[in-house]
Amino acid sequence: MKLSARGEEVLAAVNNSGLSVEEKAVLARALQKSVARAGLLLGHLSFGVRDIARAIAFYDAALAPLGYTRVWSSERSAGYGPEGEGDTLALFLRPEATPPGDGFHLAFNAPSREAVDAFHVACLKHGGKDQGAPGLRPHYSDTYYACFVTDPDGHKLEAVHQLG
(Lines give C-alpha, C1' and ligand atoms only; values in the text may rest on other atoms or scores of the structure.)
Protein backbone atom coordinates (compact mmCIF):
# COMPACT_ATOMS: atom_id res chain seq x y z
CA MET A 1 0.00 0.00 0.00
CA LYS A 2 1.34 3.41 -0.99
CA LEU A 3 0.79 6.15 1.57
CA SER A 4 0.76 9.88 1.01
CA ALA A 5 3.38 11.99 2.78
CA ARG A 6 0.77 12.83 5.44
CA GLY A 7 -0.08 9.15 5.79
CA GLU A 8 3.59 8.33 6.34
CA GLU A 9 3.73 11.00 9.07
CA VAL A 10 0.67 9.56 10.81
CA LEU A 11 2.04 6.01 10.59
CA ALA A 12 5.38 7.12 12.06
CA ALA A 13 3.60 8.96 14.88
CA VAL A 14 1.53 5.87 15.73
CA ASN A 15 4.57 3.56 15.59
CA ASN A 16 6.52 5.89 17.91
CA SER A 17 3.61 6.55 20.26
CA GLY A 18 4.35 3.92 22.86
CA LEU A 19 0.88 2.42 22.42
CA SER A 20 0.38 -1.29 22.97
CA VAL A 21 -0.36 -3.56 20.00
CA GLU A 22 -4.01 -3.73 21.08
CA GLU A 23 -4.24 0.07 21.34
CA LYS A 24 -2.67 0.43 17.90
CA ALA A 25 -5.23 -2.03 16.49
CA VAL A 26 -8.11 0.01 17.95
CA LEU A 27 -6.61 3.18 16.53
CA ALA A 28 -6.11 1.54 13.13
CA ARG A 29 -9.78 0.49 12.99
CA ALA A 30 -10.88 4.02 13.89
CA LEU A 31 -8.60 5.48 11.24
CA GLN A 32 -9.92 3.05 8.61
CA LYS A 33 -13.50 4.14 9.34
CA SER A 34 -12.49 7.77 9.20
CA VAL A 35 -10.66 7.34 5.89
CA ALA A 36 -13.60 5.41 4.42
CA ARG A 37 -16.06 8.14 5.40
CA ALA A 38 -13.70 10.85 4.14
CA GLY A 39 -13.91 9.32 0.68
CA LEU A 40 -17.66 9.89 0.54
CA LEU A 41 -19.00 12.80 -1.45
CA LEU A 42 -21.57 13.79 1.18
CA GLY A 43 -21.30 13.92 4.96
CA HIS A 44 -25.06 13.82 5.48
CA LEU A 45 -28.33 15.05 4.04
CA SER A 46 -31.19 16.69 5.94
CA PHE A 47 -34.90 16.73 5.16
CA GLY A 48 -37.52 18.99 6.69
CA VAL A 49 -40.66 17.03 7.55
CA ARG A 50 -44.12 18.24 8.54
CA ASP A 51 -44.84 15.43 11.05
CA ILE A 52 -41.78 14.03 12.83
CA ALA A 53 -43.59 11.03 14.38
CA ARG A 54 -44.95 9.98 10.98
CA ALA A 55 -41.54 10.47 9.36
CA ILE A 56 -39.77 8.46 12.06
CA ALA A 57 -42.24 5.57 11.66
CA PHE A 58 -41.71 5.66 7.88
CA TYR A 59 -37.90 5.83 7.93
CA ASP A 60 -37.50 3.31 10.79
CA ALA A 61 -39.36 0.77 8.64
CA ALA A 62 -38.02 1.79 5.22
CA LEU A 63 -34.33 1.92 6.11
CA ALA A 64 -34.17 -1.26 8.22
CA PRO A 65 -33.98 -3.60 5.18
CA LEU A 66 -31.07 -1.53 3.87
CA GLY A 67 -29.07 -1.95 7.08
CA TYR A 68 -29.64 1.57 8.43
CA THR A 69 -31.07 2.39 11.81
CA ARG A 70 -32.11 5.43 13.79
CA VAL A 71 -28.85 6.44 15.50
CA TRP A 72 -30.29 9.39 17.44
CA SER A 73 -33.57 11.18 17.95
CA SER A 74 -35.19 13.99 19.89
CA GLU A 75 -38.67 15.44 20.14
CA ARG A 76 -38.17 17.39 16.88
CA SER A 77 -35.59 15.40 14.91
CA ALA A 78 -33.98 12.05 14.10
CA GLY A 79 -30.85 10.79 12.41
CA TYR A 80 -30.25 7.58 10.45
CA GLY A 81 -27.08 5.74 9.52
CA PRO A 82 -25.23 2.48 10.00
CA GLU A 83 -25.57 0.97 13.49
CA GLY A 84 -23.01 2.49 15.88
CA GLU A 85 -22.01 5.29 13.51
CA GLY A 86 -23.12 8.82 12.80
CA ASP A 87 -26.09 9.87 10.75
CA THR A 88 -26.12 10.15 6.98
CA LEU A 89 -29.77 11.25 6.86
CA ALA A 90 -31.27 13.69 9.35
CA LEU A 91 -34.92 14.64 9.68
CA PHE A 92 -36.03 17.90 11.27
CA LEU A 93 -39.56 18.98 12.15
CA ARG A 94 -40.41 21.90 9.87
CA PRO A 95 -44.21 22.30 9.63
CA GLU A 96 -43.84 24.50 6.54
CA ALA A 97 -41.42 22.13 4.76
CA THR A 98 -41.82 21.21 1.12
CA PRO A 99 -39.66 18.65 -0.68
CA PRO A 100 -37.28 19.67 -3.44
CA GLY A 101 -38.85 19.70 -6.88
CA ASP A 102 -38.17 17.85 -10.09
CA GLY A 103 -34.60 16.81 -10.64
CA PHE A 104 -33.91 15.78 -7.02
CA HIS A 105 -34.11 12.38 -5.43
CA LEU A 106 -32.15 10.50 -2.78
CA ALA A 107 -30.87 7.02 -3.70
CA PHE A 108 -30.02 4.56 -0.94
CA ASN A 109 -27.61 1.71 -1.65
CA ALA A 110 -29.16 -1.66 -0.93
CA PRO A 111 -27.15 -4.78 -0.05
CA SER A 112 -29.31 -7.03 -2.24
CA ARG A 113 -32.29 -7.15 -4.56
CA GLU A 114 -34.32 -8.60 -1.70
CA ALA A 115 -33.48 -5.50 0.36
CA VAL A 116 -34.80 -3.28 -2.47
CA ASP A 117 -38.02 -5.31 -2.47
CA ALA A 118 -38.36 -5.05 1.33
CA PHE A 119 -37.67 -1.30 1.24
CA HIS A 120 -40.46 -0.86 -1.31
CA VAL A 121 -42.95 -2.90 0.74
CA ALA A 122 -42.07 -1.03 3.96
CA CYS A 123 -42.40 2.37 2.27
CA LEU A 124 -45.85 1.59 0.89
CA LYS A 125 -46.99 0.11 4.21
CA HIS A 126 -45.95 3.29 6.07
CA GLY A 127 -47.50 5.98 3.88
CA GLY A 128 -45.15 6.15 0.91
CA LYS A 129 -46.34 6.24 -2.67
CA ASP A 130 -45.09 3.98 -5.44
CA GLN A 131 -43.15 5.73 -8.20
CA GLY A 132 -41.66 2.59 -9.80
CA ALA A 133 -41.86 -1.00 -8.58
CA PRO A 134 -38.69 -2.99 -7.87
CA GLY A 135 -37.03 -4.34 -10.96
CA LEU A 136 -34.11 -4.20 -13.33
CA ARG A 137 -33.45 -0.90 -15.05
CA PRO A 138 -31.44 -2.04 -18.12
CA HIS A 139 -31.42 1.51 -19.49
CA TYR A 140 -29.06 2.34 -16.56
CA SER A 141 -27.06 -0.92 -16.63
CA ASP A 142 -27.57 -4.68 -16.88
CA THR A 143 -27.36 -5.05 -13.08
CA TYR A 144 -29.22 -1.91 -11.92
CA TYR A 145 -32.08 -3.17 -9.71
CA ALA A 146 -34.10 -0.41 -8.09
CA CYS A 147 -37.43 0.93 -6.92
CA PHE A 148 -38.73 4.47 -6.58
CA VAL A 149 -41.11 5.94 -3.98
CA THR A 150 -42.08 9.21 -2.38
CA ASP A 151 -42.17 9.46 1.40
CA PRO A 152 -45.24 10.86 3.21
CA ASP A 153 -43.82 14.40 2.84
CA GLY A 154 -43.21 13.96 -0.89
CA HIS A 155 -39.42 13.44 -0.88
CA LYS A 156 -38.41 11.29 -3.85
CA LEU A 157 -36.47 8.18 -2.81
CA GLU A 158 -34.81 5.26 -4.52
CA ALA A 159 -33.33 2.02 -3.25
CA VAL A 160 -30.79 0.51 -5.62
CA HIS A 161 -28.66 -2.63 -5.80
CA GLN A 162 -26.13 -2.43 -8.63
CA LEU A 163 -24.34 -5.77 -8.41
CA GLY A 164 -25.47 -8.93 -10.19
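I began with a working rule: I call two residues in contact when heavy atoms of theirs lie within 4.5 Å.

**Ground rules**

I am working on a predicted model, in which local features need pLDDT of at least 70 and side-chain atom pairs count only at pLDDT 80 or more, while totals for chains, interfaces and linings use all residues. Residues are numbered from 1 along each chain as its sequence is written, and side-chain values use heavy atoms, with hydrogens and water left out.

**Entry: His161**

I looked up His161 and found it in strand S8, which spans residues 156-161. Strands here are DSSP runs of E with at least two residues, helices are runs of H or I with at least four, and both are numbered from the N terminus.

Is His161 buried or exposed? His161 is buried, with a relative accessible area of 9%. My cut-offs are under 20% for buried, over 50% for exposed and partly exposed in between, using a 1.4 Å probe and protein chains only.

Next I listed its contacts, leaving aside neighbours within four places in sequence. His161 touches Ala110, Pro111, Ser112, Arg113, Val116, Thr143, Tyr144 and Tyr145.

I then checked polar contacts, meaning pairs of N or O atoms within 3.5 Å; within protein, one atom must be able to donate a hydrogen and the other to accept it, and residues adjacent in sequence count only if both atoms are side-chain atoms. A polar atom of the His161 side chain lies 3.3 Å from the backbone nitrogen of Ser112. The His161 side chain also reaches the backbone oxygen of Leu163, at 3.2 Å.

**Entry: the sheet that holds S8**

I traced the strands around S8 and got an open sheet of four, in the order S5-S8-S7-S6, with mixed pairing. Two strands pair if DSSP finds at least two bridges between them. S5 and strand S6 (129-136) are the edge strands, each pairing on one side only. The twist averages 15 degrees from one strand to the next. For such angles, axes are lines fitted to C-alpha atoms (for helices, over the stretch in contact), and values run from 0 to 180 degrees between N-to-C directions.

Strand S7 (residues 145-150) pairs with S8 in the antiparallel sense over six bridges. Within that pairing, I found Val149 opposite Leu157 of S8. Helix H4 lies across S5, S6, S7 and S8, and runs at about 15 degrees to S7.

**Entry: aromatic pairs**

How many aromatic pairs does a search of the whole structure find? The search finds seven. Rings of Phe, Tyr and Trp (its six-membered ring) pair if their centres lie within 6.5 Å; planes under 30 degrees apart are stacked, over 60 edge-to-face, and the rest tilted.

The centres of the Phe108 and Phe119 rings are 6.1 Å apart and their planes stand at 55 degrees, so I noted this pair as tilted. Phe108 belongs to strand S5 (residues 106-109) and Phe119 to helix H4 (residues 113-125), so the pair ties together parts that are 11 residues apart in sequence. Phe108 is buried at 8% relative accessible area, and Phe119 is buried too, at 0%.

The Tyr140 and Tyr144 rings have centres 4.7 Å apart and planes at 65 degrees, so this pair is edge-to-face. Tyr140 counts as partly exposed at 48% relative accessibility, whereas Tyr144 counts as buried at 13%.

I also noted a cluster in which ring pairs link Phe58, Tyr59 and Tyr80.

**Entry: the other sheet**

Four strands form an open sheet in the order S1-S4-S3-S2, again with mixed pairing. Its edge strands are strand S1 (45-49) and S2, each pairing on one side only. Neighbouring strands here are turned by 20 degrees against each other on average, direction ignored. Helix H3 (residues 52-63) packs on this sheet and touches S1, S2, S3 and strand S4 (89-93), with its direction at about 10 degrees to that of S3.

Strands S2 (residues 68-74) and S3 (residues 77-82) pair in the antiparallel sense over six bridges, and they form a hairpin with two residues between them. Across it, Thr69 stands opposite Gly81 and Ser73 has Ala78 as its bridge partner.

**Entry: the whole chain**

The chain has four helices and eight strands, and 31% of its 164 residues count as buried.
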